Amino acid sequence: MNDERSHLPVQRELSLTEVVSHVLDRGAVISGDVMISVAGIDLVYLGLQVVLTSVETARERGQRLTADPYE
Amino acid sequence: MGLHLYCVTPAAYVPRDVAGLDGSPVRAVLVDGLAVWVSEQEAPARASIEGAQQHHAVVEAAMQMVTPVPLRFGQWLADEEAVHVRAAARAVDWTTQLEALDGTAEYTVRILDPGAESPARDVREGAAGSGRAYLEALAARRAAREQRFAGGSTVAAAIEAALAGYVVRTRVDPLATTHGLATVAFLVRRDDAAGFTSALDRATAAHAGLHFLTSGPWPPWSFAT
């Protein structure tokens, strides 16, 4: 299988999952009404498991680090 | 109209032409020298992938100007007065955090061991019907998880040691996936990003047999409280 073709979709999916994981599971809390419940966090982990399994199967390293884009 | 909350910055940094949930315009509520980034939202937002992406995009927009205190998705207050009250209560703490986070970004490393034994997804698979077997399967699964995290913590410590000089703070959490050993978050000065990523590549290469999923730079999601 073409390495590059198999790698790119995994990267996109991983990036999406990383965003979801960071936003739903991390960050400061100001309001007592945070909508993300334990069930929500379970969903994040479930999604991560699917993606990470895909990555392992592809034997790829996953998303590469980039230089700081904020500069 | 209620308000959905995104992040906190010093008052000098306010959103300009930033779109939030469902394209709603993001504005700042100024409280005690801080800007709380908000957009109008009739009711608390339900968690969704799209919502998480939109929320993250707003925090990234703040990150273009200054490192913010990111706020976890799903926080909604009934009106601006409520934002004032809550933010005033956290103002000293957030000011301290903004000073500590200034000029930094987060990098995430997920450590996986492809050779880790997969626990049964459902403990009933390994327990032939008896209550005792069920409890033993539960205990075995927990022990395996703890063992994986202990191993992950050891690897994380070795990597952190190799990155000395680049890392401001480190946070290590369990990674609750089949082969997950740990999730490591590094807080790094943006000026050091290039040196950090090179050093991280070398540090992870020293652990043959493990897989490392690296991402960043992120807003400091794991270091804001």
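In the predicted model, B:Thr108 stands opposite B:Ala185, a residue of strand β8(B). Strands here are DSSP runs of E with at least two residues, helices are runs of H or I with at least four, and both are numbered from the N terminus. Strand β6 (residues 104-112) and strand β8 (residues 180-189) of chain B are joined by nine bridges and run antiparallel. Two strands count as paired if DSSP finds at least two bridges between them. A further pair places B:Ala105 opposite B:Val188 of β8(B).

The model is a prediction, in which local features need pLDDT of at least 70 and side-chain atom pairs count only at pLDDT 80 or more, while totals for chains, interfaces and linings use all residues. Residues are numbered from 1 along each chain as its sequence is written, with chains lettered from A and ligands numbered from 1 in the order in which they are written.

The scores are ipTM 0.83 and pTM 0.82 for the model. Confidence per residue is given by pLDDT, the predictor's own estimate from 0 to 100. Chain B averages a pLDDT of 90, and 94% of its residues score at least 70. For chain A the mean pLDDT is 56, with 24% of residues at 70 or more. Residues 1-9 of chain A have pLDDT below 50, and this stretch makes four contacts in the model beyond near neighbours in sequence. A contact requires C-beta atoms, placed from the backbone, to lie within 7 Å. The pLDDT also stays under 50 over residues 58-71 of chain A. For that stretch the model has 33 contacts beyond four places in sequence.

Chain B contains four helices and nine strands. Their order along the sequence is β-β-β-α-β-β-α-β-α-β-β-α-β. The C-alpha trace of chain B spans about 55 × 45 × 30 Å along its principal axes. Of the contacts in chain B between residues at least 6 apart in sequence, 72% join residues at least 24 apart. Buried residues account for 44% of the 225 residues in chain B. A residue is buried if 20 or more other C-beta atoms lie within 10 Å of its own, exposed if 12 or fewer, and partly exposed in between, with C-beta atoms placed from the backbone.

The sheet that holds β6(B) and β8(B) is open, has four strands in the order β7-β8-β6-β9 (chain B), and is antiparallel in its pairing. Neighbouring strands are turned by 15° against each other on average, direction ignored. Six bridges connect the antiparallel strands β7(B) and β8(B). These two strands form a hairpin with six residues between them. In this pairing, B:Thr170 has B:Phe186 of β8(B) as its bridge partner. Strand β8(B) is mostly covered, with eight of its 10 residues buried. Helix α3 (residues 131-162) of chain B lies across β6, β7 and β8 of chain B and runs at about 30° to β8(B). Such angles run from 0 to 180 degrees between N-to-C directions, with axes fitted as lines to C-alpha atoms, for helices over the stretch in contact.

The largest nonpolar core has 59 residues, and B:Val36 and B:Ile111 have the most contacts inside it. A nonpolar core is a set of buried Ala, Val, Leu, Ile, Met, Phe, Trp, Tyr and Cys residues joined through C-beta atoms within 7 Å. Strand β8(B) gives the most to this core, with six residues. The core lies between domain 1 (3-101) and domain 2 (104-223) of chain B, because both give residues to the core. Domain bounds come from an automatic or database domain assignment. Beyond four places in sequence, B:Val36 touches B:Leu5, B:Val8, B:Ala28, B:Val29, B:Val31, B:Val83 and B:Ala87.

The C-alpha centres of domain 1 and domain 2 of chain B lie 29 Å apart. Seven residues of domain 1 are in contact with six residues of domain 2 in chain B. On the domain 1 side, helix α1 (residues 49-63) of chain B gives the most, with three residues. B:Asp102 is found in the loop between α2 (80-101) and β6 of chain B. B:Asp102 is exposed, because 12 other C-beta atoms lie within 10 Å. Its C-alpha atom is separated by 15 Å from that of B:Ala61, 41 residues apart along the chain.

Notes:
Contact = placed C-beta atoms within 7 Å.
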